[in-house]
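Me: I would like to learn how to read salt bridges in a protein model. Can we go through one step by step?

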Amino acid sequence: MSDTVVESQMAILRSRPELERREADQLSALAVLSRDAVHVHGPDVDPAPSTRTYFQRDWNRVMHSEAFRKLEYKTQVFPFGEGLDVTRTRLTHTLEVSQIAQAICVALGLNDDLVRAIALAHDLGHPPFGHSGEDVLRELAGFNHNAHGLRIVTELERRYPFPGLNLPTVVLAGMGKHDAAFRILGECAYFRDQGPTLESQVASLADVIAYRSHDIEDALNSGILTKDDFREAGLDLWDELEAHVADLPEEIRTAQITRTLIDLFISDALTEMQQRLSHTGTSTAAEVRAAREPLVRFSDEFERKQSRLGEFLSETFYKHYKIMRMTDKGQRVIRALIGAYQDNPRLLPPDVQVHYEEAEDRNAVLADVIAGMTDRYAVMEYTRLFDPEVRV
Ligand code: MG
């Protein structure tokens, strides 16, 4: 190949510095730029990307992690189905959070690659059977899914010549999370006395938007709740949603209610955010991080309406007897596995056994072992240990 051909091919490729310049030109002054990111390991350990920005590489790495793939078989609300394949899993929930967060960031000129990295990683630390599984592991070893998620991406994932994924501090802080961000300011090593970025606050809000809207759709599609249940509860947000879809054919109304709710959430958040930014005179990413109150949230009026909807779901959906049967069964599986391993650690795979015997806190080792399981794997392991008809 001649030198000129090689040169012209080179000219087609966009180098990282070129992509970083475009990012700086195109994004708002409120956005975090990938060239400012501080990663755990420097380029001597982990060479810089050549044709992607750092944040693009970061979300690519989250997507290629083992923990991300396991989200497919982890619970959102339904660990044991109801025979439905359309209810959310933690993977589809995560993808919806990422989509909603990106849409908000694009509308505001924020860094959508950064928000995607945070959103795709935000639920990596969940054990099998969701929050009910977490309750059992918390009793066992003080387990917390946010802290575990951080350990996954900084320590437990082994795909590179260094531990973890080498994500930047702004992603780790975004994962360390969430609504708690202002409360734990200063306690979280990754904040370094700075408040959360707007991208981090957007990811957190997108989580609420995603689960609130998809839980309504899943509750209706599973038949656990009916539209009459919502009507009879006298929820003004529900009445508003039904008014929006009143002229549409019945078979698309549930989906349109979900869609409309997401739209209402996003437009309220965008309006409120603009007002907060202008009231506080916040116009740069550094000012966002110096702020001591959230800039991304719903208006008081909308927050009141959506909380009432949330309370209704807590009482009727999450505590429905069918859901209770599922979460209780999940906890039973986890407790049985813990008991079996504690009674006879030789049931554990050999490498884990060595680790377990040597550990100061053996329960913490068991919590790690269980947290690394999907719902599906935990049930399989349960049958291998307890069902005489199933091979070990
Ligand atoms: Mg979530």
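Me: Is Glu315 buried or exposed?

Reply: This is a predicted model. Glu315 is exposed, since its relative accessible area of 53% is over the 50% cut-off.

Me: Which residue forms a salt bridge with Glu315?

Reply: Side chains of opposite charge can pair when their charged atoms come close. Here the partner of Glu315 is Lys319, and the closest N and O atoms are 3.3 Å apart.

Me: How many salt bridges does the structure hold?

Reply: There are 29 salt bridges in the structure. Some share partners: Arg88, Glu96, Glu217 and Asp218 are joined into one network in this way.

Me: Where do Glu18 and Arg22 lie?

Reply: Both are in helix α2, which covers residues 16-26. Glu18 and Arg22 are four residues apart, about one turn of the helix. Their side chains meet in a salt bridge at 2.8 Å, N to O. Glu18 is partly exposed, at 23% relative accessible area, and Arg22 is partly exposed too, at 30%.

Me: What does the salt bridge between Glu240 and Lys305 tie together?

Reply: In this pair the closest N and O atoms are 2.7 Å apart. Glu240 belongs to helix α12 (residues 236-245) and Lys305 to helix α15 (residues 300-318), so the pair ties together parts that are 65 residues apart in sequence.

Notes: Residues numbered from 1 in each chain as written. Predicted model: local features only at pLDDT ≥ 70, side-chain atom pairs only at ≥ 80, totals over all residues. Heavy atoms only, no water. Salt bridge = Lys/Arg side-chain N within 4 Å of Asp/Glu carboxyl O. Helix = DSSP H or I, 4+ residues; strand = E, 2+ residues; numbered from the N terminus. Buried < 20%, exposed > 50% of the residue type's maximum accessible area, 1.4 Å probe, protein only.
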